[in-house]
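Here are my notes on the model, for you to check against the coordinates. Please read them with the structure open.

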Amino acid sequence: MRVKRPLRRVLQCFLVTMHEHNNIVVFMIPGLVSLGPTVPWPVLPPGIHWATLDEVESCFTNNAIRKRLFSGFVRVVGALRYAKCQTIYLDGSFVTGKPNPSDFDGCWEPVGVDASRLDPVLLNFTHPRTEQKAKYFGKMFISSAPAAPGKIFLDFFQQEKNSGLPKGIVGLKT
């Protein structure tokens, strides 16, 4: 079942950019979908949905709690860009229909990252990642690190935790 959004909200989630040679590049965060009665909130449809920070802001910051979390995500994106990270993934209840998520979850590709420029907080995975949550209001992991037996974080985040069904995440190129 597709969760309906007001037309204004749907239009905010589109970004159409014209480039040379009449090429049109369309980025879009799709509408949230229901996975059934065992899943408490609508989620993104399966796949990695490439977006910009502006699109994430338009689609997922509809209240003060979400705006605060997004401000932390913007800071962590900046810290990862400084370290030359090229790809970041956003997950967690922040990218669902949960009205008031408590944080965001995400992961980042380590390829090309300059470890000397990386915020040490982003390498502290001590449970429950208190330093990361205090500084950035969310938790970030290395995408290729083990998250569960036989699963790396990039794959783990694409599985809904209550049902085990596939779900989507947001990808950002820095």
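1. Pro128 sits in the loop between strand E5 (104–108) and helix H4 (130–136). Helices (H or I, at least four residues) and strands (E, at least two) are DSSP runs, numbered from the N terminus. The peptide bond from His127 to Pro128 is cis, with omega near 5°. Arg129 is in the loop between E5 and H4. Phi of Arg129 is near 60°, a positive value in a residue other than glycine.

2. A word on the basis. This is a predicted model: local features need pLDDT of at least 70, side-chain atom pairs count only at pLDDT 80 or more, and totals for chains, interfaces and linings use all residues. Residues are numbered from 1 along each chain as its sequence is written, and side-chain values use heavy atoms, with hydrogens and water left out.

3. Look next at helix H2 (residues 53–60) and helix H3 (residues 64–82). Their axes come within 10 Å and cross at roughly 165°. Axes are lines fitted to C-alpha atoms, for helices over the stretch in contact, and angles run from 0 to 180 degrees between N-to-C directions. That angle makes H2 roughly antiparallel to H3 (over 145 degrees).

4. Which residues make the contact (heavy atoms within 4.5 Å)? H2 gives Leu53, Val56, Glu57 and Phe60, and H3 gives Arg66, Phe70, Phe73, Val74, Val77 and Arg81. They divide into seven nonpolar, no polar and three charged. Ala, Val, Leu, Ile, Met, Phe, Trp, Tyr, Cys and Pro count as nonpolar, Asp, Glu, Lys and Arg as charged, and the others, Gly among them, as polar.

5. The largest pocket is lined by 26 residues; Asp91, Gly92, Ser93, Asp105 and Lys161 lie nearest its centre. A pocket is an open set of points on a 1 Å grid over the protein atoms alone, where a 1.4 Å probe fits, with protein on both sides within 12 Å along at least five of seven lines; lining residues have an atom within 4 Å of a point. By class, the lining has 10 nonpolar, six polar and 10 charged residues.

Methods. Parallel < 35°, antiparallel > 145°, perpendicular 65-115°, else oblique. Contact = heavy atoms within 4.5 Å.
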